[in-house]
Amino acid sequence: MADVYICDSEALVDGGAGVRFPVLAFGEPATGFVVRFGGTAYAYLNRCAHVPTELDWVKGQFFESSGEYLMCATHGAVYQPATGLCAGGPCRGARLRAIAVREADGKVSWQPDERFQPAA
């Protein structure tokens, strides 16, 4: 299946706002998000590993104040941006669900697979 465009590369700043995008997660409507950390784009299902709520406290705001961790606005769980591993909070050791992402020619896209499909 073809990659699905998310945004232009310049829309993502290290430790800055992320970009949300619609997906079907395991056949159900959901939201994914992409952020930049350490110069690399990472995408995840926008669902806390502790309780299935969206992470961002304001749409697109996924990083905590230092810009070093992604943070669940509801429960305070913090995640390593490069791995999705919960580094602290109620779900320590759990992970965000990664979505395959590709960056090329100034564009960021995600790659559908058996878990994540484009929204209708």
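Guide: Two strands pair if DSSP finds at least two bridges between them. Strands are DSSP runs of E with at least two residues, numbered from the N terminus. The model is predicted: local features need pLDDT of at least 70 and side-chain atom pairs count only at pLDDT 80 or more, while totals for chains, interfaces and linings use all residues. Residues are numbered from 1 along each chain as its sequence is written, and side-chain values use heavy atoms, with hydrogens and water left out.

Visitor: What makes S9 and strand S10 a pair?

Guide: Four bridges join S9 to S10 (residues 107-110), and the two run antiparallel. The rule asks for at least two bridges, so the strands pair. One of the partners is Lys107 in S10, bridged to Ala104.

Visitor: Where does this pair sit in its sheet?

Guide: The sheet is open, with three strands in the order S1-S10-S9 and antiparallel pairing. Strand S1 (4-8) and strand S9 (101-104) are the edge strands, each pairing on one side only.

Visitor: Why is the contact between Lys107 and Asp8 called a salt bridge?

Guide: A salt bridge is a side-chain nitrogen of Lys or Arg within 4 Å of a carboxyl oxygen of Asp or Glu. For Lys107 and Asp8 the N to O distance is 3.4 Å, so the pair meets the rule. Lys107 lies in strand S10 and Asp8 in strand S1, so the pair ties together parts that are 99 residues apart in sequence. By the same rule the count comes to six salt bridges.

Visitor: What makes Asp113 buried?

Guide: Its relative accessible area is 19%, and the limit is under 20%, so Asp113 is buried. The side chain of Asp113 meets that of Arg115 in a salt bridge (3.4 Å, N to O).

Visitor: How many disulfides does the structure hold, and why?

Guide: The structure holds zero. A disulfide is a pair of cysteine sulfur atoms within 2.5 Å. The closest cysteine sulfur to that of Cys48 is in Cys72, at 3.7 Å, too far for a bond. For Cys86 the closest is in Cys91, at 3.1 Å, again too far.

Notes:
Buried < 20%, exposed > 50% of the residue type's maximum accessible area, 1.4 Å probe, protein only.
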